[in-house]
Amino acid sequence: MKPALSSFVKFASLLALVCASLAHANDVKPAAEADPAKGGNLYANGDASRGVLACVACHGAAGNSAITQNPKLAGQHEAYLKKQLYDFQGPNRNNAIMTGIAKALDDNDIRHLSAYLDQQKPAPGAARNKN
């Protein structure tokens, strides 16, 4: 094949690939908007039909846990909460309790829960003992 023809074929192939990629990019739907109300409902009630436990049982009302072993989630940044839940689903973070709970959540659940908790006001906490 002549060098000029070879260059043209490469260019045409690259152009076709770019056009196909751009066309596909328009087909990808953006993630739905996070709904804090749905997150609050899931947080308070869980979803027994899917095996999703209510977060309130361990993390307290509105994410203000009174149990020292369970972190307060109220007011945590949405992106931080998402990362932690995804980490519990994968190999990055293993916990006997949270790994199973997080694996029952889908992407929408994680978005909604994170948005809900981000909006909650953290209750002040204090040490029980001055030492």
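View 1. A disulfide here is a pair of cysteine sulfur atoms within 2.5 Å, and the structure holds 0 of them. Cys58 itself is partly exposed, with a relative accessible area of 34% (buried is under 20%, exposed over 50%, partly exposed in between; 1.4 Å probe, protein chains only).

A word on the model: it is predicted, so local features need pLDDT of at least 70 and side-chain atom pairs count only at pLDDT 80 or more, while totals for chains, interfaces and linings use all residues. Residues are numbered from 1 along each chain as its sequence is written, and side-chain values use heavy atoms, leaving out hydrogens and water.

**View 2. Tyr43 meets Tyr116.** Searching the whole structure turns up 1 aromatic pair (ring centres of Phe, Tyr and Trp, the latter by its six-membered ring, within 6.5 Å; planes under 30 degrees apart are stacked, over 60 edge-to-face, the rest tilted). The centres of the Tyr43 and Tyr116 rings are 5.5 Å apart and their planes stand at 45°, so the pair is tilted. Tyr43 sits in helix H2 and Tyr116 in helix H6, 73 residues apart (helices are DSSP runs of H or I, at least four residues, numbered from the N terminus). Tyr43 is buried at 1% relative accessible area, and Tyr116 also counts as buried, at 15%.

**View 3. Around Tyr43.** Leaving aside residues up to four places away in sequence, Tyr43 touches several residues, including Cys55, His59, Leu113 and Leu117 (contact means heavy atoms within 4.5 Å).

Key
Helix = DSSP H or I, 4+ residues; strand = E, 2+ residues; numbered from the N terminus.
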